[in-house]
Amino acid sequence: MSQDFRLDNVGMVNREKKISFKFNGKKYFGFEGDTIASALIANGVHLVGRSFKYHRPRGFFGVGVDEPYAILQLDRNNERDPNIRATEQEIFEGLEVKSVNCWPSVNFDIGAINNFLKMFFPAGFYYKTFMWPPSFWYKIYEPFIRMAAGFGEASTKHDKERYEHKYEYCDLLITGSGPSGLASAYAAAKNGARVILAEDKPRFGGSLLTSDVNIGNQTGVEWTEKIIAELKSMPNVTVKNRSQVFGYYDHNMLVMSERISDHLPKTQKYLPKQRLWYIRANEVLISSGSIERPLVFGNNDTPGVMLSSAAKEYLKVYGVLVGKKPLIFTNNDSGYETAIEFKKNGVNPIILDTRSNPSSDIITEAKNLNIEIKFSYVVVAAKGYKKVKSADISKISEDKKELFNIENIECDCICVSGFWTPSIHLASQSGNKSKFNEKIDAFVPDKSKQQENTIGSANGIFTLEKTIKDAFDKGFDVSNKITEKNNKVSVPTVVEKKSTDHDKFWCVPLPKGKSYKRFLDFQNDVAVSDIELALREGFRSIEHVKRYTTLGMATDQGKTSNLNGLQLVSDIENKVVPQVGHTTFRPPYTPVSIGAIVGREVGKHSKPTRKSPMHSWHEKNNAIFVDAGVWLRPRYYKQGNEGLFEASKREAKNVRQNVGVCDVTTLGKIDVKGPDAAEFLNRVYTNAWLKLPVGKARYGVMLREDGIVMDDGTTTRISENHYHMTTTTAQAANVLSHLEYYLQLVWPELNVNVVSTTEQWAGAAIAGPNSRKLLMKLFPNLDVSNEGLPFMGYKEADLFGIPAKIYRISFSGELAYEINVESDNGYFMWEKIMEVGQEFQIQPYGTEALSTLRIEMGHVAGSELDGRTIPYDASLEGLVSKKKDFIGKRSLNRSAFISTDREKLVGVVPIDKTTSIPEGSYIVKDPKAKLPNPKLGHVSASCWSVEYDNPFSLAIIKDGKNMIGQKLFAMSPLKNKTIPVEIVSSHYVDPEGKRVRS
Amino acid sequence: MLYINCPHCGLRSQNEFAYGGDATVKRPELNKEISDQEWDNFVYLRKSPRGKHLELWHHISGCRQWIKVERDTSTHEIFKTYKANEAIE
């Protein structure tokens, strides 16, 4: 198709570079610098989608972020990108887009039947239609609504594009590069401020790109280019296009999304698609401009009806005519500017002005150009289904209530202008309460809540001269406050055509006997009649009206519909707009890709991965890893065709029979130092710590103030005032914060310091009957006999030339030692242990075998200390001192905590000795009892006991102490299993603890 | 995101800190006989004021110091920050 609507010598697109793209499978051509919208309009295509509710044909309404209609689905690098605004997406070679919300095609859409059933889709039809019978909701209504809802289709594949995050700090952030943005950026930058100037469009300049003005003897475009070039050359300025500041958060934190390669055919390998900027700005100047308001009339959603400023921008920036027989429908002078541009390019527009006799420079110029103007005229209704073919127009009475003779005139587009709405979204997000400005019939920002100011048309200033002057002043003032410099640049002279007041008229009355739909919200199909209905049904608050009718709730967030909606509500209610108020503006201002929000924190990058110094050894020896907090730990070491079950059984068995070695680097380690360290530990742990001698370790339990067990571990007295505390892997960070809390805030008089040493030490636990023999070979000069290094003893020694610390502690219940060396020596230690241990049948064991060993020994871990248990529940009451006070002690006296039927730790064995009990099963008396079956407790951990070669579990059950020997049932509705079990002691293996002391 | 003036490190973003709750709560002294009511008040009861609130923040990704922050809970305005042992004005 040829570009019939492209002008030859107008616009800023690169005519040298022709670009082909596909829309709904059909090939079109445009030029470099075109958006999908401008390229399609150049090709005469106006039908691009179907509306949300009624499936009415949709064309283009705006030219930027305000676009409510032209939402497309994009395919790029074999990836789907939904909800692309055609007015923003630039074309590139090979681009493919398609329409959404229509089937089988945008031209012939079955869903359009809704348009003829619209009496069944009034405001709130969801609430009215889908009420009864209740059983229909789940099977019929919900699937139906889900199918009908939404525009685009998100991909379910992994997004391979790169998205980045960036943190930035600046003196001054300026949001928008129109005249006020440029002027203030220039003034502030010249005064030494660090400035970021953000523009959401590819081209800088905002309204200067399209208005016929003169600044300092240059056209708007020339002046923009000059200022931008100079700003770019300054080291204290960052200038960004295709960058939308979409959120204003607390303490002057703003977030901006930069579209880096969305407009390129294929991303280079390391070039991100988008970048999210977190900007902390000392000051913010909001220069986000204003958006033209629609006028409301019959069928005002027909393709070909669009904002007059959009028509002007298509013409001046892209060299594209939105029509060849344009009708301009306006209540102010802006429409005239569009008409003049048409006329200058050989197209004859007709202006319908709702005012009766306005006069200004612009109107005079239009008259001098012989443009046909009809005063006191309105468009009653657009005619044509998929494109405007003509319009019913009429003269309107002085009070704007009566229409006279309706006549039909031919036209191919209707450009509307209902005056301008300042974009106050960012100011409003910052906490700034807006105020209503009667002169412009719109809200403008009021008092600043944060360090922000709004300038230019975003602040309701619509003359260029004042905008430029104010912006220069503001840029200087704000920068002066920060830099304390006084380099003032002179304000250029501005020449512009004077305009006159707008008409407050905004909605054309319906002619007698006609029921045209007059739309307010173009994306969500909210018409005047819907708002009227909502008010008739008793909705009053604008927030309720919004939610009931969905006015302003679409992806465009009501950028074009908001004020007209308020106007209507206040008209019906006989109020003025400020009495009705407006709904809250919340971030984001424009839709943001989920990918940009997530950034690089995807998959393995979502959190740091910690590896022990022995990680590469584990990898080489077929370790299968498991996530343990942020650590990667070997779960088991695979041999041959083994699975988890066989391997962990073999490893655990080898510990019980020979010797095993386990990487315990991940255990939390905290150095506790100072003259009051013993006293501090005595307050932190439930048991007594004052008499622990140097060179000895002790097992301790710590509580929260509410009496719940927080963590457990061993702490060793290294020297008089130095203790080495260990915590569980998962709780390491919390325990450190906990200790710091008490030392810094509660007992600052204690002279103690704590610091995490988790990553300073590599740890290996060697466990099993052969472990002492192994230790003798590792430390030939050390007395490791039961007397020389008794249970809970501690020694420092030399391991083949490197310093090592040996703790005789055991998690497995076997004779066991933990050796710590500095992290850098971890790999060396591990290799030595494996090498020396060979003759004792050493095998490495992973976390699964570790669990098996601790479960059958009845040692509690995270699954028992689950944030609900007190020491008694976990059978740790023997460690609770009666003599001294400690954190959480007072809570243990609470009536619920001293009740005798508390759940308590027990062991569980299946009667058939073969069926494994799923973790999380309930223990019940009668499996056939009526639901909900009263539960006695739950199974917290399960293993295959390698000592007895049958399944064994730990459970926490009511009155556990007295349940031993009882025959009960373990039920897992999730796994659909009911297993007869016997309750036994939780110490299934070596209940006297002989082995650890052997 | 809040911008918190750590009295030890200077202005830092909120994501370096962990929130620690009401800073005016005082733990009962050790070994002191107190009623259930007093203990419950300490462990469980907190006011949730609208407006000025003295609260604890822990600079976990910075100096690891617990600090006190006087913040408006509705506007997030931060009036002053204190070291743990500083007297509150």
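Trainee: What helices and strands does chain B have?

Mentor: Chain B has 1 helix and 6 strands. Keep in mind that we're looking at a predicted model. From the N terminus on, the order in chain B is β-β-β-α-β-β-β.

Trainee: And what share of chain B counts as buried?

Mentor: Just look at the cut-off: a residue needs 20 or more other C-beta atoms within 10 Å of its own to be called buried. Of the 89 residues in chain B, 12% count as buried. The C-alpha trace of chain B spans about 40 × 30 × 25 Å along its principal axes.

Trainee: How does chain A look on those points: what are its helices and strands, and what share of it is buried?

Mentor: Chain A has 24 helices and 50 strands. Buried residues make up 51% of its 998 residues. The C-alpha atoms of chain A fill a box of roughly 115 × 70 × 55 Å, again along the principal axes.

Trainee: Let's take one residue. Why is A:Ala187 called buried?

Mentor: Count its neighbours: A:Ala187 has 25 C-beta neighbours inside 10 Å. The cut-off is 20 or more, so A:Ala187 counts as buried. You'll find A:Ala187 in helix H5 (residues 179-190) of chain A.

Trainee: Which residues is A:Ala187 in contact with, leaving aside its neighbours within four places in sequence?

Mentor: Those are A:Phe472, A:Gly475, A:Phe476 and A:Val489. To be in contact, two residues need C-beta atoms within 7 Å, and these four partners of A:Ala187 count as contacts.

Trainee: What makes the span of helix H18 (residues 644-657) of chain A close to the expected one?

Mentor: Helix H18 of chain A has 14 residues. The expected span is 1.5 Å times one less than the number of residues, and for H18(A) that is given as 20 Å. From first C-alpha to last, H18(A) reaches 20 Å, so the span is close to expectation.

Trainee: Which residues of H18(A) are buried, and what do they pack against?

Mentor: The buried ones are A:Ala647, A:Ser648, A:Lys649, A:Glu651, A:Ala652, A:Asn654, A:Val655 and A:Arg656. They pack against several elements of chain A, including strand E33 (631-637), strand E40 (761-767) and helix H23 (847-857).

Trainee: How do you know that strands E19 and E20 of chain A pair?

Mentor: Pairing takes at least two bridges. Strand E19 (residues 350-353) and strand E20 (residues 372-375) of chain A are joined by 4 bridges, so they pair, and they run parallel. Within that pair, A:Ile351 stands opposite A:Ile373 in E20(A).

Trainee: What is the handedness of the β-α-β crossover from E19(A) to E20(A)?

Mentor: That crossover is right-handed, and the chain passes through helix H9 (residues 361-368) of chain A on the way. The test is to point the strands away from you: a clockwise path from the first strand over the helix to the second is called right-handed.

Trainee: Last one: how many residues does each chain bring to the contact?

Mentor: Chain A brings 18 residues and chain B brings 16 residues. On the chain A side, helix H20 (residues 732-746) gives the most, with 6 residues. That side of chain A divides into 6 nonpolar, 4 polar and 8 charged residues.

Key. Residues are numbered from 1 along each chain as its sequence is written. Chains are lettered from A and ligands numbered from 1 in the order in which they are written. This is a predicted model: local features need pLDDT of at least 70, side-chain atom pairs count only at pLDDT 80 or more; totals for chains, interfaces and linings use all residues. Helices (H or I, at least four residues) and strands (E, at least two) are DSSP runs, numbered from the N terminus. Ala, Val, Leu, Ile, Met, Phe, Trp, Tyr, Cys and Pro count as nonpolar, Asp, Glu, Lys and Arg as charged, and the others, Gly among them, as polar.
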